[in-house]
Amino acid sequence: GRPLLCVDDNGPGITPAERGRVLEPFYRVPGSPAEGSGLGLAIVQEICQRDGLLLSLDDAPQGQGLRVQVQW
C-alpha cells in the first residue's frame with residue numbers, strides 16, 4: 001500500500017555485480033558508451049537515504065535495460 005515510482009529504460013542495463021557501484025558518485029561502468037558524469041543514480045541514492053525511501057535496481061521486465069524503483 002505504499003507509493004512506488006518505477007522507471008524502466010531500454011539501454012544496455014547494469015549487471016548485478018555493478019549495481020552497488022553505480023550508486024557511488026562519479027562511478028561509470030567500464031566501457032559504457034553512454035555520456036555523463038556518473039552522478040544521477042548517486043543523487044537518487046542520497047535523496048532516498050535522506051528521506052527514508054527504499055531504492056532498488058533490477059533488470060527491466062522487457063529483457064533489456066534497467067528498472068529503478070523508489071518506494072515510500
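## Charged side chains

In this predicted model, the protein carries 6 positive and 9 negative side chains. The centres of the two sets lie 3 Å apart.

## Overall dimensions and surface

The C-alpha trace spans about 40 × 30 × 20 Å along the principal axes of the protein. The radius of gyration is 12 Å; because a compact globule with 72 residues would have a value near 11 Å, the protein agrees with that expectation.

About 4,900 Å² of accessible surface is computed for the protein, and carbon and sulfur atoms account for 55% of this area. Of the 72 residues, 26% are buried.

## Secondary structure and contacts

When contacts between residues at least 6 apart in sequence are considered, 47% of them join residues at least 24 apart.

## The setting of Val 44

Helix α1 covers residues 40-51 and includes Val 44. The relative accessible area of Val 44 is 27%, so this residue is classed as partly exposed, given that the class lies between the limits of 20% for buried and 50% for exposed.

Beyond its neighbours within four places in sequence, Val 44 is in contact with Leu 55 and Val 70. A further spatial relation concerns Leu 23: the C-alpha atoms of Val 44 and Leu 23 are 8.2 Å apart, while the two residues are separated by 21 residues in sequence.

Conventions. Residues are numbered from 1 along each chain as its sequence is written. This is a predicted model: local features need pLDDT of at least 70, side-chain atom pairs count only at pLDDT 80 or more; totals for chains, interfaces and linings use all residues. Side-chain values use heavy atoms; hydrogens and water are left out. The radius of gyration is taken over C-alpha atoms; the globule rule is 2.2 Å times the number of residues to the power 0.38. Buried means under 20% relative accessible area, exposed over 50%, partly exposed in between (1.4 Å probe, protein chains only). Contact means heavy atoms within 4.5 Å. Accessible areas come from the Shrake-Rupley method with a 1.4 Å probe; for residues, only the protein chains shown count as cover. Lys and Arg count as positive and Asp and Glu as negative; His and the chain ends are not counted. The place of a charge is taken as NZ of Lys, CZ of Arg, CG of Asp or CD of Glu. Helices (H or I, at least four residues) and strands (E, at least two) are DSSP runs, numbered from the N terminus.
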